[in-house]
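Dear colleague,

Please find below the sequence and structure that I am handing over to you. My notes on what was found follow directly after.

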Amino acid sequence: MMAGLMAAACGTGQAPGTTSTPGTTRTADSAADGRAAFQASPEAVGTALDAARNPSGAISQATSPATSPAMSPATSKAVSTAVSDALGGSAAVDCRRVKCVALTFDDGPGPYTGPLLRRLAAHRARATFFVVGRNAAANPGLLRRAVAAGHEIGSHTWSHRDLTTLPAAEVRAELARTDRAVKAATGLVPKLVRPPYGALNTAVRLQTSRPMVLWSADTLDWKYRDSARVARRAINGARPGGILLFHDIHPTTVQAIPAVLKTLSARGYRFVTVSRLFGGRTPRLAYSATVPGTAKT
């Protein structure tokens with residue numbers, strides 16, 4: 001299903017691709033914060049996430065991550081920044097001031113998610129992973145690695161069924177079972193949902209209050225297993241405030257990512273999670289899907 005324009009991009013109320021787009025300047029402090037976040041080890045971030053959990057095992061958005069007194073100030077700040085990103089915080093990148101685009105990956109985690117995480121880290125890029133619950137349950141370590149690196153985890157349902165064909169109770173079960181799998185692996189409950197195939201109607205939307213996140217550009221990586229073609233579609237489809245759709249279950253997609261990151265970085269883009277793209281206030285429907293399309297997500 002194809003996506004129309006967002007009602008608001010980067011919290012500015014400006015649709016992506018219009019002439020009044022966010023600027024490309026940022027302060028030296030914000031640039032330093034962005035670099036520092038990638039100096040924190042996954043182990044340090046994981047410890048801070050553990051410390052931020054409340055007694056129920058969930059992560060509190062209001063809790064400041066605990067850090068060891070032995071940590072240097074720079075490392076402590078790096079851990080706090082990385083954990084803030086994992087929670088959808090807004091300290092490191094202000095998308096009202098810089099060109100932001102959200103990379104999103106559906107259907108994992110799987111055999112190619114690990115290599116993808118390494119490629120993203122090499123370019124200091126953050127992304128949102130819309131995971132299939134049964135794959136999350138089978139690969140909890142990959143989810144922990146993604147969260148430790150500052151990526152965001154969203155729900156893509158338990159078994160990737162077309163939600164518009166299911167009774168309301170089954171829709172809720174698909175979401176709840178995925179929530180449990182993600183929470184068991186990371187302590188976090190997904191704040192965002194992407195319906196499989198982009199299939200969405202009023203009945204489905206009534207089953208959760210969480211934002212439904214679609215996309216502004218579909219790379220069609222599920223259809224064209226050609227890394228150069230996927231990279232071109234992503235680069236040509238990128239707009240400030242946009243959401244790009246990929247799938248981390250295809251090796252050709254992972255192979256395309258370095259070219260995407262290198263080219264868009266040269267054009268001044270920052271790669272952020274969906275929650276950061278909207279300044280932590282993702283609307284109930286991030287993109288309006290009103291035109292039938294071909295996305296197989």
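A disulfide links Cys95 to Cys100, with an S to S distance of 2.2 Å, and the structure holds one disulfide. The torsion about the S-S bond of Cys95 and Cys100 is about -90 degrees, so this disulfide is left-handed. Both partners lie below the 20% limit for burial: Cys95 is buried, with a relative accessible area of 3%, and Cys100 is buried at 0%.

Please bear in mind that this is a predicted model. The average pLDDT of the protein is 78, and 66% of the residues score at least 70. Over residues 53-71 the pLDDT is below 50, although this stretch has 30 contacts in the model beyond near neighbours in sequence. Residues 87-91 also have a pLDDT below 50, and that stretch has 14 contacts beyond near neighbours in sequence.

As to the overall architecture, the secondary structure comes to eleven helices and six strands. Of the 297 residues of the protein, 53% count as buried. Among the contacts with a separation of 6 or more, 77% are between residues 24 or more positions apart.

I turn next to the interior. In soluble globular proteins, nonpolar side chains tend to be buried together. The largest nonpolar core here has 36 residues, of which Leu103, Phe105, Leu120, Phe129 and Leu244 touch the most other members. Helix 10 supplies the largest share of this core, six residues. A second, separate core of 19 residues includes Ala102, Val213, Ile243 and Phe278. Beyond residues up to four places away in sequence, Leu244 touches Val101, Ala102, Leu103, Thr104, Ala217, Ala234, Gly237, Ala238 and Leu264.

What span should its 16 residues have, and how far apart are its end C-alpha atoms? At 1.5 Å a residue, helix 10 (residues 251-266) should span 22 Å, and its end C-alpha atoms are 24 Å apart, which agrees. An α-helix has 3.6 residues a turn, so residues three or four places apart point the same way. Just after helix 10, Gly268 takes a positive phi of about 90 degrees.

One of the residues facing this region is in helix 4, namely Leu116. Leu116 is buried, with a relative accessible area of 0%. Leaving aside residues up to four places away in sequence, Leu116 touches Phe105, Phe129, Asp248, Val254 and Ile257. The C-alpha atoms of Leu116 and Pro251 are separated by 9.1 Å, although these residues are 135 residues apart along the chain.

Two further helices deserve mention. In helix 6 (residues 140-148), the residues Leu142, Leu143, Ala146, Val147 and Ala148 are buried. Just after helix 6, Gly150 takes a positive phi of about 95 degrees. Helix 7 (residues 168-186) contains Asp179. Is Asp179 buried or exposed? Asp179 is buried, with a relative accessible area of 14%. Its contacts, not counting residues up to four places away in sequence, are with Val189, Pro190 and Arg210.

Finally, several backbone features call for attention when you inspect the model. Most residues other than glycine have a negative phi, and most peptide bonds are trans. The peptide bond from Gly108 to Pro109 is cis, with omega near 0 degrees, and Pro109 lies in the loop between strand 1 and helix 4. His160 has a phi near 60 degrees, a positive value in a residue other than glycine. This histidine is placed in the loop between strand 3 (152-155) and helix 7, and His160 is buried, with a relative accessible area of 15%. Leu220 likewise has a positive phi, near 55 degrees. Leu220 is found in the loop between strand 4 (217-218) and helix 9, and at 9% relative accessibility it counts as buried.

With kind regards

Methods: Residues numbered from 1 in each chain as written. Predicted model: local features only at pLDDT ≥ 70, side-chain atom pairs only at ≥ 80, totals over all residues. Heavy atoms only, no water. Helix = DSSP H or I, 4+ residues; strand = E, 2+ residues; numbered from the N terminus. Expected span 1.5 Å × (residues − 1). Core = buried A, V, L, I, M, F, W, Y, C linked by side-chain atoms within 4.5 Å. Buried < 20%, exposed > 50% of the residue type's maximum accessible area, 1.4 Å probe, protein only. Contact = heavy atoms within 4.5 Å. Disulfide = S-S within 2.5 Å. pLDDT = per-residue confidence, 0-100.
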